[in-house]
Amino acid sequence: MRVTILAFLILLSAAANAMADGSYQSSEDFLEEVFAGSPPAPGFIWLKGDVKEKTGEILGHSYPGIRIRYWGKDKRTAWILEEVGKTQPITAGLVVDGNGLESIRVLAFRESRGWEVRYPFFTDQFSGIRLTVANELDRHIDGISGATLSVRALQKLARLALYLHQQTISKNDASP
Amino acid sequence: MRRKLLQMVCAGYLLSGSFSALADTPTIEQLWEIIQAQQAEIEALKKQQQETAQQATDADEKAEAAVVAVEEVDAKTAGVASWVDKTTIGGYGELHYQNIEGEDNDLDLHRFVLFFGHEFTDSIRFFSEFEIEHDVAGEGQNGEVEVEQAYVEFDLRENLQAKGGVFLMPVGILNETHEPGTFYGVERNDVENIIVPSTWWEGGAALNGFFGNGVSWDLAITSGLKMETEGDNAFRVRSGRQKVSEATANDLSYIGRLKYTGIPGLELAGTVNYQTDASQGNNDGLGRGILYETHAIYQQGPFGLRALYARWDFNGSAVSAAGDDDQFGWYVEPSYKPWQKVGLYTRYEKLDGARDQDQFDQWEVGANYWPHEDVVLKVDYRSRNVDSNSSGADDFDAFDLGIGYQF
């Protein structure tokens, strides 16, 4: 009886102390950090034609929205993208420098399991990873047991950021 | 004289041509008019160009405003229509064909599962798992309708969560993650069926925390087992699950797990579960029970290895007299993926459960084929040797086929 009451009190305390926000870093703070306090104005990749098709191939579904915002300076771009893991969207901040992924960081994680993907011991594997001609990652990413879908979601976002970064280069090269 | 005359004629001709040319040259006034006309034309063109540029700018601004409006509507809709956007549906299922020596062949929709989740806020969410086993449930049917999960979870801190309701016990490899594409073998391994009674769910309250170095912990207070002490299923752990169906809660259960996943591809974990009274009754010869479970998973490139050991220690006169006070099992499962979509495995299991048919060792080999990341086809071959042949406990070889999916 006492144990049951204790368990109930723990839950009551949990409900009263639930965090107001489940995110770990805001998009603004992420961009401030990436661009040393002065993030550039955002640019846009419009999801049309080949870009829309390739984006759908990478994710396995179409990306919501008609354009994707990015922040770029000196061939270095930052992206804030979302993909569902098992049932909830994972928000990630990604930085691409040249043709390689500089970093990936989970900004908000809402799944019940798979929290490991938030931490550097997992995300460090993505550092320097590139895209193959077939839009696959050029290195194997070791997964986490019980977090297969969260791992898969971050792999897709890494591929998407690398692909979209290439589109920004094409766009800039085409400019006079 | 004649030459002079010729010179004069030529000069006259030339002079007359010059005068004629002079007569066609525009006057200064005419030139001024031409310049003014051209200037007006330039001004008109410049104006036209400016208007075109302005129109393009206006069009850009209108397009931008339209896109922003669409995005704002999306954002507002996400906030208002929260039921749709914050409610999630998923599921999995698996169909099995079993060809077991000495038995009728069997085709079974073993599991049809739907997940329903809802995010009340960023830090309070609900999750549930609704399952139909063996296709048809009801009086006299083989199947069951079960709610294996139905809990509310709270994010307390960045690294701390609590939940209350019906949830899966934090033990073993398959109990919490058992979508068909995540494991080898048509049927789940026997150790995590007979010793760890997966799928094992209880009602209660839980806390779990994790650290940046890959260490996590779970603690929970839950409803307990209610094992039979007589009959064919006496002291059989699996039959002791109350499934939170008007479960007797005189004697609760306490469970703790420590897990390390700090190296990608590696998982090391250990669980201890304390059952205050595994029969929920006094003076029946079965008292407290303690489960010790530990496992390791290592996946490096195409190579994988899973190993698990679990042991129950019960006390009580009746369970000791039956020789079921100590029940254990372990397995080792190496695997190899020659291609991304194909995986091969072998597994050796050793079990010592309560019933005669739960005491055996078994070899198994098989393969998974993933035509899509969420769809799997499976095949395996098993060879079981029971410790002592008796009625209902025979050696057998079996051949299994399966198809599974998740979404």
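Of the contacts in chain B with a separation of 6 or more, 53% are between residues 24 or more positions apart, where two residues are in contact if their C-beta atoms, placed from the backbone, lie within 7 Å. This is a predicted model, in which local features need pLDDT of at least 70 and side-chain atom pairs count only at pLDDT 80 or more, while totals for chains, interfaces and linings use all residues. Residues are numbered from 1 along each chain as its sequence is written, and chains are lettered from A and ligands numbered from 1 in the order in which they are written.

Chain B holds five helices and 16 strands, helices (H or I, at least four residues) and strands (E, at least two) being DSSP runs numbered from the N terminus. The radius of gyration of chain B, 41 Å, is well over the 22 Å that the globule rule gives for 407 residues, so the chain is more spread out than a compact globule; the radius is taken over C-alpha atoms, and the rule is 2.2 Å times the number of residues to the power 0.38. The C-alpha trace of chain B spans about 160 × 50 × 45 Å along its principal axes. An automatic or database domain assignment divides chain B into domain 1 (2–75) and domain 2 (88–406), and the centres of these two domains, taken over C-alpha atoms, are separated by 87 Å.

Strand β1 (residues 87–100) of chain B runs antiparallel to strand β2 (residues 106–121) of chain B, with twelve bridges joining them; two strands pair if DSSP finds at least two bridges between them. Within this pairing, G93(B) has F112(B) in β2(B) as its bridge partner, and the hairpin that β1(B) and β2(B) form has five residues between the strands, with G102(B) in the turn showing a positive phi of about 85°. On to strand β3 (residues 124–133) of chain B, β2(B) is joined by ten bridges, again antiparallel, with L114(B) opposite F130(B) and two residues between the strands of this hairpin.

Further along, D380(B) lies in strand β15 (residues 375–386) of chain B. D380(B) counts as buried because it has 21 C-beta neighbours inside 10 Å; the cut-offs are 20 or more other C-beta atoms within 10 Å for buried, 12 or fewer for exposed, and partly exposed in between, with C-beta atoms placed from the backbone. Not counting residues up to four places away in sequence, D380(B) touches G185(B), V186(B), E364(B), V365(B), G366(B) and D400(B).
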